[in-house]
Amino acid sequence: MKSIDILVKEHQLIGRYLDVLVQSKEKLEKGDQPQVVFFQHAIEFSKKYTDQFHHFKEEYLMFGLLAQKEQGLLDGQIGELRYQHERCRHCIREIEKSIQNHFDSDEMKTSHLLENLSGYISLLNRHIFREDHVFFPLAGKSLTCEDDEYLINQFKNQEINMGRHNFSSEMKSLVKQMTMLV
Ligand SMILES: [Fe+2]
Ligand SMILES: [Fe+2]
C-alpha cells in the first residue's frame with residue numbers, strides 16, 4: 001500500500017461520517033433535533049480523526065515533502081487545500097459554540113448550527129473529491145518509493161502519537177455510535 005492509498009482509505013471513513021452528518025442536517029431542517037451527545041461525538045471525530053490525525057498527515061508530512069521536492073510548483077494547490085482545512089476547523093469551532101447550553105430550545109443556536117453543519121459537509125466533501133481526483137494523482141507522480149517508505153513510517157508514528165495503537169478502530173466505532181444516535 002502506498003502513502004496516498006492510506007489517505008484515500010481514511011477519506012472513506014470521513015465520507016461515512018459526513019453521510020451521518022447529512023442525516024442530522026436533514027433532521028434539523030425538519031425541526032427535529034439529534035441529541036447533544038450526537039454532536040459531541042461529531043466534534044470529537046472531526047477534531048481527533050479528521051484534523052489531528054488525517055489533516056496532520058497531509059499538511060505536515062505529505063504537503064511539506066511535496067513542497068520541498070517540487071520547489072514551488074504545487075504551492076498554489078497546497079495553499080488552497082490548507083485553507084480548506086482551516087475553514088473546516090472554523091466550522092467545527094462554530095458547531096461547538098452552537099451546542100453549548102440548551103441549544104435545542106434556542107432557534108438562533110439551531111440556525112447557527114445548521115449553517116456551519118451545511119458549510120462543513122459541503123466543503124469537506126468537495127475537498128476530499130479534489131484530493132482523490134486531482135491532487136493525489138499529481139502527488140503520486142512526484143513521490144518515489146523512498147518517499148513512500150518515509151511517509152508510511154511517519155504515518156505510523158502519527159497513529160502512536162494519537163495515544164493508542166487501536167486509534168483508527170476506535171474512531172470507526174465512534175462513527176457507528178453516531179449512526180445509532182442520529
Ligand atoms: Fe485534506
Ligand atoms: Fe484528505
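What follows is a short briefing, grouped by topic.

Keep in mind that this is a predicted model. The part to look at is a pair of iron ions, ligand 1 and ligand 2, which lie 3.2 Å apart and are bridged by Glu58.

**The iron ion (ligand 2)**

- Four residues hold the iron ion (ligand 2): His11 and His54 each through NE2, and Glu58 and Glu131 each through an OE atom, at 1.9 to 2.2 Å.
- If you want to find these donors in the sequence, look for the spacing H-x42-H-x3-E-x72-E.
- His11 sits in helix 1 and Glu131 in helix 4, so this pair ties together parts of the chain that are 120 residues apart in sequence.
- Both His11 and Glu131 are buried.
- The site of the iron ion (ligand 2) is irregular, with angles of 81 to 168° among its 4 donor atoms.
- For reference, the ideal angle for four tetrahedral donors at a metal is 109.5 degrees.

- Glu58 belongs to helix 2 (residues 36–70) and His85 to helix 3 (residues 75–98), so the two tie together parts that are 27 residues apart in sequence.
- Are these two residues buried or exposed? Glu58 has a relative accessible area of 0%, so Glu58 is buried. His85 also counts as buried, at 0% relative accessibility.

**How helix 4 meets helix 1**

- Helix 1 covers residues 3–29 and helix 4 covers residues 107–142; their axes come within 10 Å and cross at roughly 160°.
- The two helices are therefore roughly antiparallel to each other, since angles over 145 degrees count that way.
- The crossing of helix 1 with helix 4 is left-handed.
- The residues in this contact divide into 18 nonpolar, 6 polar and 4 charged.

**How helix 4 meets helix 2**

- The axes of helix 2 and helix 4 are 13 Å apart, and the helices pack at an angle of about 30°.
- That angle makes helix 2 roughly parallel to helix 4, as the cut-off for that label is under 35 degrees.
- Helix 2 also passes helix 4 in a left-handed crossing.

- Ile6 is in helix 1 and is buried, with a relative accessible area of 18%.
- The C-alpha atoms of Ile6 and Glu149 are 12 Å apart, although 143 residues separate the two along the chain.
- Asp5 lies in helix 1 too, but counts as partly exposed at 38% relative accessibility.
- Asp5 and Ile152 are 147 residues apart along the chain, with their C-alpha atoms separated by 10 Å.
- Over in helix 2 you'll find Ile43, which is buried at a relative accessible area of 7%.
- From Ile43 to Gly119 it is 76 residues in sequence and 15 Å in space, C-alpha to C-alpha.

**A loop residue to check**

- Where is Gln71? Gln71 is in the loop between helix 2 and helix 3.
- Gln71 counts as exposed, at 71% relative accessibility.
- The phi of Gln71 is near 45°, a positive value in a residue other than glycine.
- Most residues other than glycine have a negative phi.

Technical notes: Residues are numbered from 1 along each chain as its sequence is written. Chains are lettered from A and ligands numbered from 1 in the order in which they are written. This is a predicted model: local features need pLDDT of at least 70, side-chain atom pairs count only at pLDDT 80 or more; totals for chains, interfaces and linings use all residues. Side-chain values use heavy atoms; hydrogens and water are left out. Axes are lines fitted to C-alpha atoms, for helices over the stretch in contact, and angles run from 0 to 180 degrees between N-to-C directions. Helices (H or I, at least four residues) and strands (E, at least two) are DSSP runs, numbered from the N terminus. Angles under 35 degrees count as roughly parallel, over 145 as roughly antiparallel, 65 to 115 as roughly perpendicular and the rest as oblique. A crossing is left-handed if the near helix is turned anticlockwise from the far one by less than a right angle, and right-handed if clockwise. Ala, Val, Leu, Ile, Met, Phe, Trp, Tyr, Cys and Pro count as nonpolar, Asp, Glu, Lys and Arg as charged, and the others, Gly among them, as polar. Donors are N, O and S atoms within 2.8 Å of the metal (3.2 Å for Na, K and Ca); water is not among the atoms, so sites may look incomplete. Four donors count as tetrahedral if all angles lie between 85 and 135 degrees; four count as square planar and six as octahedral if opposite donors are over 155 degrees apart and all others between 65 and 115; anything else is irregular. Buried means under 20% relative accessible area, exposed over 50%, partly exposed in between (1.4 Å probe, protein chains only).
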